[in-house]
There are 2 protein chains.
Amino acid sequence: MTAYKRHIDNTAISDLTVARLSVYLRCMDRLLELGIETISSQALADRFNLNSAQIRKDLAYFGEFGVRGVGYNVRELRQYVVEILGLDRERRLIIVGAGNLGTALCHYSGFSGGNFLVVGILDSDPSRIGDPTPAGLLVEDAARLGEIVTQRQVEIGVITTPASAAQSISEKMAEAGLKVILNFAPIRVRADEGVLVKTVDLGVHLEELSFHLTHV
Amino acid sequence: MTAYKRHIDNTAISDLTVARLSVYLRCMDRLLELGIETISSQALADRFNLNSAQIRKDLAYFGEFGVRGVGYNVRELRQYVVEILGLDRERRLIIVGAGNLGTALCHYSGFSGGNFLVVGILDSDPSRIGDPTPAGLLVEDAARLGEIVTQRQVEIGVITTPASAAQSISEKMAEAGLKVILNFAPIRVRADEGVLVKTVDLGVHLEELSFHLTHV
DNA sequence: CGGACCATGTGTGCATTTTCACAAGCGCGA
DNA sequence: TCGCGCTTGTGAAAATGCACACATGGTCCG
């Protein structure tokens with residue numbers, strides 16, 4: 001994952017800020033569930049283990065959403081963040097690798113919920129092709145990747161193959177025209193210019209915890 | 001996720017360094033698969049999209065593992081990293097939340113592989129209790145959390161419940177004596193002193209990609 | 001045995017990120 | 001309408017992380 005794009009007035013926004021915006025969105029959802037309509041950055045920080053100055057600074061990159069002396073309107077701020085993150089339009093994605101993780105992500109709410117739509121799950125193993133997933137999709141042949149991306153107007157590729165296949169799949173995705181890829185295979189892949197590959201290795205997180213346990 | 005423990009000679013090790021050690025471990029595995037026994041930091045960086053100086057600096061916190069003029073012995077370095085991360089002893093974990101993600105993680109290789117062992121999967125929904133998982137475990141009652149942690153010598157708790165249950169489950173885990181928790185629920189939880197809660201929100205990563213697509 | 005070569009380990013400076021601290025601004029009540 | 005209290009938005013400072021560049025110390029060949 002490399003550096004980022006620019007803000008409305010040419011200021012680059014850091015990846016860390018963007019990631020936190022997602023977190024803030026989750027917080028807004030939770031607050032609405034709890035019936036809270038207005039909140040200050042301090043109360044938000046206390047409740048969700050965040051830093052109030054950082055919240056204000058992150059938001060300030062995109063506008064002035066708060067009211068001094070009062071705080072933020074939860075419903076309103078939620079909508080702003082949705083727009084900033086581009087979550088107000090449908091995003092179609094395909095998953096390559098129909099193993100445990102791939103099939104689970106098919107109907108994981110964070111993936112198929114909101115405006116994200118899983119429009120295909122592919123695998124290169126002939127014995128898996130045609131298998132139904134709990135989400136109602138059939139596993140399709142990974143060889144048809146390019147065709148599927150074009151026909152179904154896919155924007156995002158998700159890799160849930162073993163490590164050994166990840167590099168080659170990511171290249172095929174780039175070739176098919178995908179500009180952003182989420183890689184769950186436990187390996188770093190090299191990406192072409194103009195293609196963003198974000199690697200999320202679930203095992204890494206467990207190993208960090210193991211380190212913590214080991215070093216008191 | 002807060003600051004970290006200390007190194008052998010009292011230097012704090014950053015979370016980022018620890019996370020990268022896990023990445024290096026994956027790289028070593030891949031190199032061994034490819035039959036490569038020796039590698040320089042530069043070659044490692046080129047191959048896996050890393051920075052050579054950073055690799056050297058990360059490793060140097062823990063010792064001198066390389067040979068000048070030659071590079072690192074892959075097999076040897078792998079073993080060092082395993083020891084540093086504490087992956088040379090068994091780590092037992094339980095998963096609370098027997099939904100899609102929870103059951104998938106049960107037999108996800110990054111979790112049940114290596115020295116990590118899933119010794120229980122719990123849920124509070126009576127209709128799920130007793131369900132078999134593909135990994136051969138039966139879903140147990142989340143009310144038995146404390147008992148199970150003690151009896152089975154669990155060290156790590158994994159939360160895969162909906163957001164609304166995460167705070168309460170993490171508190172019960174802390175009460176049961178767990179010191180580290182991996183939280184997949186899409187919400188930040190407050191943690192007691194001495195308890196490390198690491199939140200991994202899969203949706204956040206997708207939303208980062210959405211931001212990227214939106215802002216060219 | 002000696003020197004050329006090469007990659008490590010690290011001191012140092014730069015860049016980014018976080019935190020602090022406060023002026024500016026809004027609402028509310030008198 | 002005016003003043004008080006509260007919270008935002010934001011410079012500036014502190015902390016953290018990153019990358020360069022080179023001295024150090026090995027290997028290997030002649």
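Asp15(A), Val18(A), Ala19(A), Ser22(A) and Val23(A) of helix H1(A) meet Gly203(B), Val204(B), Glu207(B), Glu208(B) and Phe211(B) of helix H9(B), where contact means that C-beta atoms, placed from the backbone, lie within 7 Å. This is a predicted model, in which local features need pLDDT of at least 70 and side-chain atom pairs count only at pLDDT 80 or more, while totals for chains, interfaces and linings use all residues. Residues are numbered from 1 along each chain as its sequence is written, and chains are lettered from A and ligands numbered from 1 in the order in which they are written. Helices (H or I, at least four residues) and strands (E, at least two) are DSSP runs, numbered from the N terminus.

**The H1(A)–H9(B) contact**

- By class, the residues of the contact of H1(A) with H9(B) are 5 nonpolar, 2 polar and 3 charged. Here Ala, Val, Leu, Ile, Met, Phe, Trp, Tyr, Cys and Pro count as nonpolar, Asp, Glu, Lys and Arg as charged, and the others, Gly among them, as polar.
- H1 of chain A (residues 15-33) packs on H9(B) at an angle of about 120°, and the two axes are 9 Å apart. Axes are lines fitted to C-alpha atoms, for helices over the stretch in contact, and angles run from 0 to 180 degrees between N-to-C directions.
- H1(A) and H9(B) are therefore oblique to each other. Angles under 35 degrees count as roughly parallel, over 145 as roughly antiparallel, 65 to 115 as roughly perpendicular and the rest as oblique.
- The crossing of H1(A) past H9(B) is right-handed; a crossing is left-handed if the near helix is turned anticlockwise from the far one by less than a right angle, and right-handed if clockwise.

**How the two chains meet**

- In the interface, 54 residues of chain B are in contact with 52 residues of chain A.
- On the chain B side, the elements that give two or more residues include H1, helix H5 (100-106), helix H8 (163-175) and helix H9 (202-214).
- H9(B) supplies the largest share of the side of chain B that touches chain A, with 13 residues.
- That side of chain B divides into 28 nonpolar, 13 polar and 13 charged residues.

**Around the DNA strands**

- DNA strand D is surrounded by 26 residues, the closest being Ser40(A), Glu64(A), Gly66(A), Gly69(A) and Gly69(B). A residue is near a molecule or strand if its C-beta atom, placed from the backbone, lies within 6 Å of it.
- Helices H2 (41-48) and H3 (52-60) of chain A, together with H1 (15-33) and H3 (52-60) of chain B, each supply at least two residues of the surface near DNA strand D.
- H3(A) gives the most to the surface near DNA strand D, namely 5 residues.
- The surface near DNA strand D has 10 nonpolar, 10 polar and 6 charged residues.
- Around DNA strand C there are 27 residues, of which Ser14(A), Gly69(A), Glu64(B), Gly66(B) and Gly69(B) come nearest.
- H3(B) gives the most to the surface near DNA strand C, with 6 residues.
- The surface near DNA strand C is made up of 10 nonpolar, 11 polar and 6 charged residues.

**Helix pairs within a chain**

- In chain A, the axes of H2(A) and H3(A) come within 8 Å and cross at roughly 120°. That makes H2(A) oblique to H3(A).
- The H2(A)–H3(A) crossing is right-handed. Ser41(A), Gln42(A), Leu44(A) and Ala45(A) of H2(A) meet Ser52(A), Ile55(A) and Arg56(A) of H3(A).
- In chain B, the axes of H1(B) and H4(B) (residues 74-85) come within 9 Å and cross at roughly 150°. That makes H1(B) roughly antiparallel to H4(B).
- H1(B) passes H4(B) in a left-handed crossing. The residues of this contact include Leu21(B) and Met28(B) of H1(B) and Leu77(B) and Val81(B) of H4(B).
- The contact of H1(B) with H4(B) has 12 nonpolar, 1 polar and 2 charged residues.

Conventions:
Two residues are in contact if their C-beta atoms, placed from the backbone, lie within 7 Å.
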